Structures are given as C-alpha cells and as structure tokens.
Amino acid sequence: MKTFALIDCNNFYVSCERVFNPSLRNSPVVVLSNNDGCVVARSPEAKKAGIKMGVPFFKIKPLISQLKIKVFSSNYALYADMSSRVMRIIAESFPETEIYSIDESFALLDRCVFDIEKYCIHIKNKIYKYTGIPVSIGLGHSKTMAKTASSIAKSKTGTNVFSFVKNPDSDNFLKKVPVEDIWGIGQKSALYLYSKGIKTAFDLKRTSFKTIEKKMGINGLRIIEELNDISHYPLESNPLPSKSIRSSRSFPMPVNSRESLKEAISTFSSTAGLKLRKQKSKAGYLTVFLMTDRFKADFKFLAKTIDFDFPVNDDFSIISGALQGLDQIYSKSFYYKKAGIVLGGISNDCLNQMTFFKHADMEKKEAVMETIDKINKKFGKNALKISSCGINKTFDWQMKREMCSPNYTTSWTDLPEVW
C-alpha cells in the first residue's frame, strides 16, 4: 500500500518575511495581494487578532494601527526563490516528489522501510535549519489523507508531523474535520453534502457512493475511496505542460493611455513567453484582452485572438501579435482596469508542423531569446528585455507595492547587511 507525505510550508509568505527580519517573530504580520488589495497571508498572531483571509486592506486599517500589525506587499521574487530552496531539499530527501504549489509538495514513501514519522521530523528540522521556513508534514495512504493529515499536523506543537498510517485513532480525527476542508470538496459540494447530513470527513468516509452519485459523480467516488485509503491520484513527478498560459494584471488605477497599455501588454507577453520556453513549448495563437471596472454598470470586456503562421515561443513574435490585437480592440473612450494575454494551441517545441513560407529569421529569433534568457538568469530578471516592455517605465499600470520588502535572495543590491 502506498504511503504519501504532504509537506506544507506554514504561513509561507509570512514565514519568508520573517527569515530575513527576525523582529517579526511572535508579532502579528499580514501580506497583501496584488496592488495591496486584500490579505492573502496571516501569521498565527494576526489570525488570533481576528483578521480574516481575503479581507480588503482598507477595512482593517484601524485594527492594523491599533494592534501595530506589520503589513507587507507581496514579494513574489523572494517567495519563489525561497520556495525553490525548500523544494530542492524535499526532492533530495524523498524517492519521488511532486511540487503541488509554491508552498506544498507531495512525496511518495512506499519504498521506505524506516520509521517514516521519525524521518519526516528529521526532514522538517532540516528544512527549517537550511531555509528558516517552518513546515508541517502529513502522512496517509492516499493524497487526500496526506493532505488532511498535514492540516492536523499544524496544530501538533513540537513535531508538526501527523500520520494516518497505522493510526488507531484515525476515525476520531476525521470526525473533527469539516467536510468543506477535505481536498477536492468545493463550496457547492460542501453545501450539498451538508443537506444530506454529511458534515465531517468521517461522515463522508462512511457514505455510500449512491447517496451522492447524481450530484458529485466519479469525483465523489474517488474522494470517498481516498478517505478509505484507496489511492486514486498518483504522484505527478513530471506534470504535463500547461494547455494554456495566462499573464494578466489588475491596475492600481484605471488606464486610458494607449502607450501605457502597449507597455503593459508587452510585459505580460514577455512573461508568458518565458513560461512557454521553460516548459519547452510553443503557442499557435494568443488572445489579448482589456477590461474596464467590472463593478460599474458600463463594464466592457474586449478581446481579440491572433493566429500565428506557425507555433512560436520567442518574445518578438508574441509581443508583435499581442500589440496587433491590442490595436484592434483599444478605444480611447474607455478607462481600463485590467489587461492580459492568453497563449493557446500549445504544443511541444520539437513537434511543430512548419509551412513552406517559414520565416527565414525564426531560428535567429530563437537563438537571440536563448541568449537573453541566459543573461537574465545570470544577472537577474529584466537585465535584458524588449524595448516595448518599457525603458522609462510608465507607472500608471504598474502594480502597487508600497510596503514590499527587499529581494534579499535575488538582488545583489538587496543583500542583508550585517554590522
């Protein structure tokens, strides 16, 4: 029988901030979403103060001031780098792993013959020693049980490791897990289960599939069986490439300028292009879109799809196509609150059908992009970029990040100083 582990970084964004600012430890801390809009991460102290996940920042400003809560804008460069350090240790410590999100990773332990709980405690301590990031580890015979165990592990003071494997009290713990907290159960499914009197993970575990078959289908059966230690979701060590790639952003204030939008769309296109090349793919088409404020009566959503003559992954082609689409949908009559692009028709970069009219400079473009990517990897993001992405930087579309911490691990100028 397979044994899965779910390694989950505790309050990850907050923990990253605390690594390089020890004065934040034991103090209430929150991290905000894009444009400093809503709370997306909270320290345990902030949770105890009553701050809810997703609450708009402006609504809690009085409480922030009253309790002297530390507030940070999201620092994605720092969080991504710290995540890669944690994931590297996990990959070195387990036979097989799957990165599930920026702060979570599944691991397979079915070939391990040692005391797995003791070993997981060792790995938890190792991750904290090498990165400063606290983690919780849950163990189970299915991904669903491992995910549930990791949530319980967060309350296990001292070890932060919890196992459903050979645990005689498993059902008693499942009775305390609300059905909406089960991996794979959405809000609508939870309301439906409550209407059937199914309120906890234990209730669902003992439920006949026929009771929920009509509403939840095969997904409901799999969840029930996963709760009964029958694994349906294997480890995805080599996840499939994304079928579409989206790069978009809401603006801190409405944007009307064509030049600002060109700069924004070019930047989003470059970001999407890099993601495309990292997964060794090419795109057959793109869709560029603009949105006005969706909370106003005159809301507008404008979009245009541009087909490429053949699949591409270089920034030159993607930006050119995106700007062509932008020119066709832009109107100076509107003020836009969000913009972005979506790459589609994605295929492996080695399996593309070309045409007799293949552009002679395509190979040159790809060679240039390879060089640009290498330089940016060595000297930092945007060390080199396409000029339309903004040389002088038009700030009216740029993300609002007034309380962002330094990029301690990815910028030479932001290295911590020791006196």
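The model is predicted. The salt bridge count comes to 12. The structure holds zero disulfides. The second largest pocket has about 830 Å³ of space.

**Salt bridge Arg18–Glu45**

- Arg18 and Glu45 pair through their side chains in a salt bridge, at 2.9 Å from N to O.
- This pair links distant parts of the chain, with the partners 27 residues apart.
- Arg18 sits in helix H1 (residues 12–19), and Glu45 sits in helix H2 (residues 44–48).
- Arg18 has a relative accessibility of 15%, so it counts as buried.
- Glu45 has a relative accessible area of 23% and is partly exposed.

**Salt bridge Asp171–Arg206**

- In the salt bridge between Asp171 and Arg206, the closest N and O atoms are 3.4 Å apart.
- Asp171 belongs to helix H7 (residues 170–174).
- Arg206 is in the loop between helix H9 (201–205) and helix H10 (209–227).
- The pair therefore ties together parts that lie 35 residues apart in sequence.
- Asp171 is partly exposed at 23% relative accessible area, whereas Arg206 is exposed at 56% relative accessibility.

**Salt bridge Asp315–Arg277**

- Asp315 and Arg277 form a salt bridge, and their closest N and O atoms are 2.9 Å apart.
- Asp315 is in helix H12 (residues 315–329) and Arg277 is in helix H11 (residues 258–278), so the bridge ties together parts 38 residues apart in sequence.
- Asp315 is buried, with 5% relative accessible area.
- Arg277 is buried too, with 15% relative accessible area.
- Elsewhere, salt bridges with shared partners join Asp171, Lys205 and Arg206 into one network.

**Tyr13**

- Tyr13 is a residue of helix H1.
- Its relative accessibility is 18%, and Tyr13 therefore counts as buried.
- Beyond its neighbours within four places in sequence, Tyr13 is in contact with Val31, Val40, Ala41, Tyr76 and Tyr79.
- Tyr13 and Ile64 are 51 residues apart along the chain, and their C-alpha atoms are separated by 18 Å.

**Cysteines**

- A disulfide is a covalent bond between the sulfur atoms of two cysteines.
- A search of the whole structure finds zero of them.
- The cut-off for a disulfide is 2.5 Å between the sulfur atoms.
- Cys16 is likewise in no disulfide, and its nearest cysteine sulfur is that of Cys9.
- Cys9 counts as buried at 2% relative accessibility.
- Cys16 is buried as well, with a relative accessible area of 0%.

**Second largest pocket**

- The space in the second largest pocket is about 830 Å³.
- The pocket is lined by 32 residues.
- Which lining residues are closest to the centre of the second largest pocket? They are Asn10, Asn11, Ser15, Pro44 and Pro134.
- Strand S1 (4–9), H1, H2 and helix H6 (143–153) each supply at least two residues of this lining.
- By class, the lining has eight nonpolar, 12 polar and 12 charged residues.

**Where topics meet**

- H1 and H2 are among the elements that supply the lining of the second largest pocket.

Note on methods. Residues are numbered from 1 along each chain as its sequence is written. This is a predicted model: local features need pLDDT of at least 70, side-chain atom pairs count only at pLDDT 80 or more; totals for chains, interfaces and linings use all residues. Side-chain values use heavy atoms; hydrogens and water are left out. A salt bridge is a side-chain nitrogen of Lys or Arg within 4 Å of a carboxyl oxygen of Asp or Glu. Helices (H or I, at least four residues) and strands (E, at least two) are DSSP runs, numbered from the N terminus. Buried means under 20% relative accessible area, exposed over 50%, partly exposed in between (1.4 Å probe, protein chains only). Contact means heavy atoms within 4.5 Å. On a 1 Å grid over the protein atoms alone, a cavity is a set of points where a 1.4 Å probe fits but cannot get out, and a pocket is an open set with protein on both sides within 12 Å along at least five of seven lines; lining residues have an atom within 4 Å of a point. Grid points are joined across faces, edges and corners, and a volume is the space filled by probe spheres set on the points. Ala, Val, Leu, Ile, Met, Phe, Trp, Tyr, Cys and Pro count as nonpolar, Asp, Glu, Lys and Arg as charged, and the others, Gly among them, as polar.
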